[in-house]
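Hi,

Here is the structure I promised to pass on.

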Amino acid sequence: MGNKQSSTGGSPAAPAPADPAALRNVVLVGPSSAGKTTLVEALLATTSTIGRQGSVTEGTTVCDHEAAAIEQQRSVGLAVAPLQHGHTKINLVDTPGYADFIGELRAGLRAADAALFVIAAGEGVDPATRALWQECARVAMPRAVVISRLDQPRADLDAAIAACREAFGAGVLPLYLPREDSTPQAGGRGAPGLTGGLTGVLTAAPGDTPAGASAAADGERMRERLGTARNELIEGIIAESEDEALMDSYLAGEEIEEATLIRSLESAVARGGLHPVLPVCSETGLGLTELLDGIVRGFPSPLEHVLAEFTDSQGRNPRTLAADPAGPLAAEVVHTSVDSYVGRVSLARVFSGTMLPERPVHVSGHGMTERGHPDHDEDERVAHLYSPLGSSLRAVPRCIAGDLCAVTKLVSAETGDTVSDPADPLLLAPWPMPEPLLPIAVTARTRSDDDTLARNLNRVVAADPTLRLDRATETHQVVLWCMGEAHADVVLQRLREGGAEIDTEPVRVPLRQTFACPAQGHGRHVKQSGGHGQYAVCDIEVEPLPRGSGMEFADRIVGGAIPKQFISSVEKGVRRQLDRGLEAECPIVDVRVTLTDGKAHSVDSSDAAFQAAGALALKAAAEQAGLVTLEPVDEVAVHIPDEHLGAVLGDLSGRRGKVVGTEPEDVGWTVVRAHVPASELARYAVNVRSLSSGSASFTRTFSRYDPMPG
Ligand SMILES: Nc1nc2c(ncn2[C@@H]2O[C@H](COP(=O)(O)OP(=O)(O)OP(=O)(O)O)[C@@H](O)[C@H]2O)c(=O)[nH]1
Ligand SMILES: [Mg+2]
C-alpha cells in the first residue's frame with residue numbers, strides 16, 4: 001500500500017453498502033500496457049471518486065502508487081479502487097499484466113466475482129494474452145472484454161473484436177458499438193466513430209437513427225451493423241439461457257422484452273458462456289458510463305458467486321457458505337503489504353458474515369509450508385477497518401459479505417489466510433501460488449546495510465507469497481527466488497527501501513566431491529611429549545559408491561586393535577571431515593569407509609584423538625585416490641508451443657542438457673523433459689521466455705549429482 005496512508009482529501013467518503021446485491025467486485029485482467037490502470041483512473045474520475053485523472057507516465061495514478069510501479073511505469077501489484085455508481089459500489093481490482101506478477105493476478109481473481117478482460121485495440125491476441133484468458137477460465141471467472149485505447153492511430157475495433165472471437169470463442173459479442181460519425185477526427189487520430197458516442201446493441205431499437213449520422217448512407221450502414229450485432233447477441237443470450245420458455249418465444253419469432261434480455265444476459269455472463277464486448281477510451285472518456293452501467297446490470301453480484309468449501313481449522317466438517325452478512329464470519333486475506341508507518345495491512349475479501357472494527361478474529365493459515373509459511377492458527381484482534389483506495393485507507397464502520405476491506409496490524413495474517421470468528425474458526429484452502437524460478441543472491445554492502453536488509457527481507461517476504469527466501473547454508477548465500485527479471489527488480493527496490501546498499505552476486509550451486517577410485521589411508525595422531533598425551537592410529541579403506549548413496553561406515557577391526565568405544569570416534573572424525581570436504585571445501589559424498597586396523601594406548605588414547613586420526617586417514621586416502629567434483633543436475637519440464645520447440649531444444653543442448661523425452665500436450669503444445677546441470681539454469685526463467693515470446697513455462701526439480709566435466 002505504499003507509505004502514504006492518508007485520507008483522500010476532497011474525495012467522497014468510502015461507500016459501505018448494507019446489501020451484497022449492491023456490490024460488484026470486478027478485477028481488471030489483460031496484457032501489460034492494455035490500459036487497465038488508466039481505465040481505473042478514468043472510471044474514478046468520471047464518478048468523481050477522485051478530483052483529477054492521474055496518468056501512468058507521470059506516476060500519479062491511484063493504483064500504481066508504489067515506487068517500483070512508478071519507476072517501471074507499469075503495475076507491479078494488485079490495487080483496489082472502489083467507486084459508487086448509482087446505488088452500486090463497484091470494487092475495481094487492478095492487476096499487473098506482466099507475466100512476472102501472475103501471483104497478483106491470481107489474488108485479484110480470488111477477490112472478485114467477475115473480470116474485465118482489457119485488450120488494446122491496436123494489439124492482437126498474443127500467447128501471453130491467451131495465457132491470461134486461461135488463468136480466468138481455470139477459475140471459471142465470468143468476464144467481459146473491454147477494447148481499450150481506441151484513440152490510438154493503430155486502433156481498429158472490428159479487427160480487435162474479430163481477434164478476440166477467434167481466440168476466445170463465439171461467446172465474445174459486442175454489447176455496445178460506436179456510432180458512425182461523419183465529422184473528422186480531432187487531429188485525424190484513432191478509429192472512426194470515436195466522437196459519436198456508443199449505441200447499446202441490445203437497448204437501441206432496430207430502426208434507431210444514430211445521432212450524428214448526418215449522411216443517409218452512414219445511417220443505413222450503421223443500422224445494418226447494429227441489426228446484425230443485435231441478432232447475434234440475442235442468439236448468444238438465448239443459446240446460453242436455461243429458460244426454455246424464452247427459447248420457445250424466440251423461436252416463435254416473438255419480440256423479447258429488453259428487461260428479460262438484460263436479465264438473461266447477466267445470467268449468461270455469470271455462467272461464463274457469454275463475454276460481452278465493451279469499447280472504451282480512457283483518454284476521451286468514450287464508453288466509461290456504458291461500462292459502469294454494463295457492470296451494474298450485466299455482471300454478477302457476490303450473491304451469485306458459488307463459494308469454495310470452508311472447513312474447520314483442522315480441515316474437517318466441510319461447510320457451504322453464502323454471501324450473507326448475518327452468516328458466520330469468513331474472509332480471506334488476498335493481499336498483504338507492510339507499511340513502514342502502519343505496519344502490516346491485510347486486504348481481505350469477506351465471503352460470509354460481517355467484519356467489524358475492534359473485534360477479536362481467528363486467523364488460520366494452512367497448506368503453505370513448502371513455501372516457508374508454516375501452518376498457523378492465532379486469535380487476534382481487528383483494530384480499525386478501512387476501505388482502501390490505492391494507497392489511501394479510509395475508515396469504514398463495517399465490511400459485509402461480498403465486500404473488500406483493509407485491516408491493519410493482524411500480525412500473523414499472511415496472504416491466503418482465512419479470517420473468521422474465534423468462536424467458529426474456519427479454513428479455506430489457499431489458491432495455487434506460482435513457482436518462482438529465477439534465483440537472485442543478495443548481499444549487503446556494510447554492517448548497517450546488513451541490519452536494514454534483514455528487516456526489509458522480513459517485510460518483503462511477508463508481503464509477497466510468490467517470493468521464496470532461501471538462506472542457502474552450503475553456499476553461504478541469501479537467495480531470493482523470483483518470478484522473473486521485472487519481479488526481481490521490484491524485490492530489489494523494496495529491499496533497498498530506507499537507503500540500504502544491496503548488491504546482487506552470481507548464485508552459487510552447491511557442489512560435492514567423491515572418490516575417483518578406491519584408496520587406503522593411514523591416520524596417526526600421536527603427541528606424547530609432556531602432560532597428558534594423545535595417541536590414536538587408524539587405517540581405513542575408502543571406496544566410491546553409486547550416486548545418492550551418501551556415506552556408509554563399516555568396522556572390520558579384529559582382535560580389539562582399537563577398543564570399541566573409539567571406533568565410533570573414528571567414524572565421527574571421518575564424517576566430520578567428509579562434511580567439511582577437502583580441497584574445494586565442498587562435502588564428500590557417496591563413499592564407504594571401512595576401518596580395518598589401528599592402535600590404541602591404555603592411558604593416552606581418547607575420543608578426540610581418534611576423531612583426529614580418522615580425519616587424517618580420510619585426507620590421506622583422498623590424496624591417494626584423487627577427488628571428482630559433482631554438480632547438481634535438475635530435471636526440467638518445459639511446456640512450449642510447437643513453433644518454438646526447435647529453439648528450445650537447441651538451447652537445452654547448449655546448456656549441456658540431455659533430453660529424456662518429448663510428449664505432445666494440448667493441441668499445438670509439447671512438453672520436453674531434460675536433465676540439465678543446475679549451474680546452467682540460473683537464468684533459464686528469463687531465457688526460456690525470450691526463446692518463446694513469453695509463452696513457454698517450465699518446472700524444475702532436483703534429480704541427482706553428476707560428475708562435472710573437465
Ligand atoms: N492514448 C491513449 N493512451 C492510453 C490509453 N489508456 C492507456 N494509455 C497509455 O498506455 C500505457 C499503458 O497503460 P496502463 O494503464 O499502464 O496499462 P496497464 O494495462 O495497466 O499495464 P500493466 O500495469 O503493465 O498491466 C500508458 O502509457 C497509458 O498512458 C488510452 O485510452 N489512450
Ligand atoms: Mg497497470
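Two terms before the details: helices (H or I, at least four residues) and strands (E, at least two) are DSSP runs, numbered from the N terminus, and two strands pair if DSSP finds at least two bridges between them. Please keep in mind that this is a predicted model, where local features need pLDDT of at least 70, side-chain atom pairs count only at pLDDT 80 or more, and totals for chains, interfaces and linings use all residues. Residues are numbered from 1 along each chain as its sequence is written, while chains are lettered from A and ligands numbered from 1 in the order in which they are written.

Now to one sheet in the model. Strand 22 (residues 438-444) pairs with strand 24 (residues 477-482) in the antiparallel sense, over five bridges. Within strand 24, Cys-482 is the residue opposite Leu-438. Both strands belong to an open, antiparallel sheet of four strands, ordered 23-24-22-25. At its edges are strand 23 (468-472) and strand 25 (502-505), each pairing on one side only. From one strand to the next, the twist averages 35°.

Helix 10 (residues 447-463) lies across strands 22, 23 and 25. The helix runs at about 145° to strand 22 (axes are lines fitted to C-alpha atoms, for helices over the stretch in contact, and angles run from 0 to 180 degrees between N-to-C directions; contact puts C-beta atoms, placed from the backbone, within 7 Å).

As for the whole protein, there are 15 helices and 34 strands. Its C-alpha atoms fill a box of roughly 115 × 60 × 50 Å, taken along the principal axes.

Happy browsing!

Note on methods:
Contact = placed C-beta atoms within 7 Å.
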